[in-house]
Amino acid sequence: MRIIVTGAGGRMGRNLVRAIADEGLELAGATERPGSGLLGRDAGELAGIDTLDTPIVEDLRQCPQADVLIDFTLPDSSLAHARFVAATGMRMVVGTTGFTASQLHEFKSILAGNAVVMAANFSIGVNLALGLIRRAAEVLDESYDAEVTEAHHKAKVDAPSGTALAMGRSVAEGRGVDFNEQAVYARHGHTGARESGNIGFSVIRAGDIVGEHTAMFAAAGERLEIRHVATDRMTFASGAVRAAKWLEHQPPGFHDMRDVLGVQ
Ligand code: NAD
């Protein structure tokens with residue numbers, strides 16, 4: 001299997017290059033944003049492994065043909081990369097977060113004819129947690145206050161994280177309520193008392209935290225917390241490469257990591 005990594009100089013990009021090499025797969029190409037100081041560097045060396053003879057280029061059209069494109073960049077560039085994937089008939093694994101609703105709609109319509117895995121989180125633990133949260137929310141009704149807290153490194157540009165939102169959606173699914181009507185993203189000043197049924201979000205941005213998420217169900221006298229801590233980005237990168245391999249046998253359509261892992 002031949003794979004292209006976009007954003008290969010980023011935090012995730014470098015881990016993806018390592019994960020592809022660890023799996024014995026072939027890195028067909030690697031890109032970075034136009035003007036990046038990393039253009040021309042070897043993607044393998046940049047990832048801290050042996051040279052792969054794959055220089056980082058700024059235009060996907062400069063990359064040799066490949067089977068799958070793995071993209072962890074920014075919503076605007078993921079949209080541009082999706083257009084390339086649609087035009088070439090490749091498959092795509094996308095981990096970028098922070099899409100607006102209209103960007104997401106556009107992304108899905110561009111890739112309507114391609115096989116895609118898109119997930120806010122590619123770790124096995126988080127995808128298992130999403131199922132546990134939905135199950136907990138089926139049992140713990142609105143007398144239990146649902147709150148999602150998350151912490152990430154200070155360079156993260158979107159909030160709450162895509163994973164925190166996925167956890168909130170799992171609560172809403174379990175309760176059979178409309179997520180958008182229940183989500184509360186900010187509390188400041190005189191907020192009044194908490195409304196029963198709300199799904200609250202709290203965000204920390206600090207230092208080099210890789211990613212920590214907790215879904216809490218709190219009632220009078222008890223509290224259940226489902227918590228996940230990522231300590232190394234390789235957990236996401238290995239999951240994304242696993243998704244790329246899984247896609248080889250899939251027809252066109254959108255899938256998430258729970259489909260790849262077979263945990264619903
Ligand atoms: P990062 O800023 O370290 O890396 C992104 C890279 O993309 C940068 O090197 C940037 O220069 C490059 N880039 C930007 N525009 C580009 C373009 N047009 N063409 C090619 N490259 C371009 O960020 P990161 O921490 O690696 O995270 C990237 C994204 O992945 C974020 O949205 C983050 O939330 C998400 N993420 C998802 C998961 C998951 O499991 N789904 C895990 C970690 C991060």
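Pro 160 is placed in the loop between strand S7 (145-152) and helix H6 (162-175), where helices (H or I, at least four residues) and strands (E, at least two) are DSSP runs numbered from the N terminus. The peptide bond that leads from Ala 159 into Pro 160 is cis, with omega near -10 degrees. The model is a predicted one, in which local features need pLDDT of at least 70 and side-chain atom pairs count only at pLDDT 80 or more, whereas totals for chains, interfaces and linings use all residues. Residues are numbered from 1 along each chain as its sequence is written, and side-chain values use heavy atoms, with hydrogens and water left out.

**Ligand site**

- The ligand is surrounded by 22 residues, of which the closest are Arg 11, Met 12, Glu 32, Thr 97 and Lys 156; a residue is near a molecule if one of its heavy atoms lies within 4 Å of it.
- By class, the residues of this shell divide into six nonpolar, 11 polar and five charged, with Ala, Val, Leu, Ile, Met, Phe, Trp, Tyr, Cys and Pro counted as nonpolar, Asp, Glu, Lys and Arg as charged, and the others, Gly among them, as polar.
- An oxygen atom of the ligand lies 2.6 Å from a polar side-chain atom of Thr 97, while a nitrogen atom of the ligand is 3.5 Å from an N or O atom in the side chain of His 81.
- Taken alone, the ligand exposes 860 Å², and the protein buries 82% of that; accessible areas come from the Shrake-Rupley method with a 1.4 Å probe, and for residues only the protein chains shown count as cover.
- The space taken by the ligand is the largest pocket, a pocket being, on a 1 Å grid over the protein atoms alone, an open set of points where a 1.4 Å probe fits, with protein on both sides within 12 Å along at least five of seven lines; a molecule sits in a pocket if more than half of its atoms lie within 2 Å of its grid points.
- The elements that give two or more residues to the shell around the ligand are helix H1 (11-22) and helix H3 (75-88).

**Buried residues**

- Asn 15 is placed in helix H1 and is buried, with a relative accessible area of 10%, where buried means under 20% relative accessible area, exposed over 50%, and partly exposed in between (1.4 Å probe, protein chains only).
- Ala 43, found in helix H2, counts as buried because its relative accessibility is 1%.
- His 152 belongs to strand S7 and counts as buried at 8% relative accessibility; its side chain makes a polar contact with the side chain of Glu 150 (2.8 Å), a polar contact being a pair of N or O atoms within 3.5 Å, for which, within protein, one must be able to donate a hydrogen and the other to accept it, and residues adjacent in sequence count only if both atoms are side-chain atoms.
- Leu 60, in the loop between S3 and strand S4 (68-71), counts as buried at 7% relative accessibility.

**An exposed loop residue**

- Asp 53 is found in the loop between helix H2 (43-46) and strand S3 (56-57), and it has a positive phi of about 55 degrees although it is not a glycine.
- Asp 53 counts as exposed because its relative accessibility is 69%.

Definitions and conventions: 1 Å grid on protein atoms, 1.4 Å probe; cavity = no way out; pocket = protein on both sides within 12 Å on 5 of 7 lines; lining within 4 Å.
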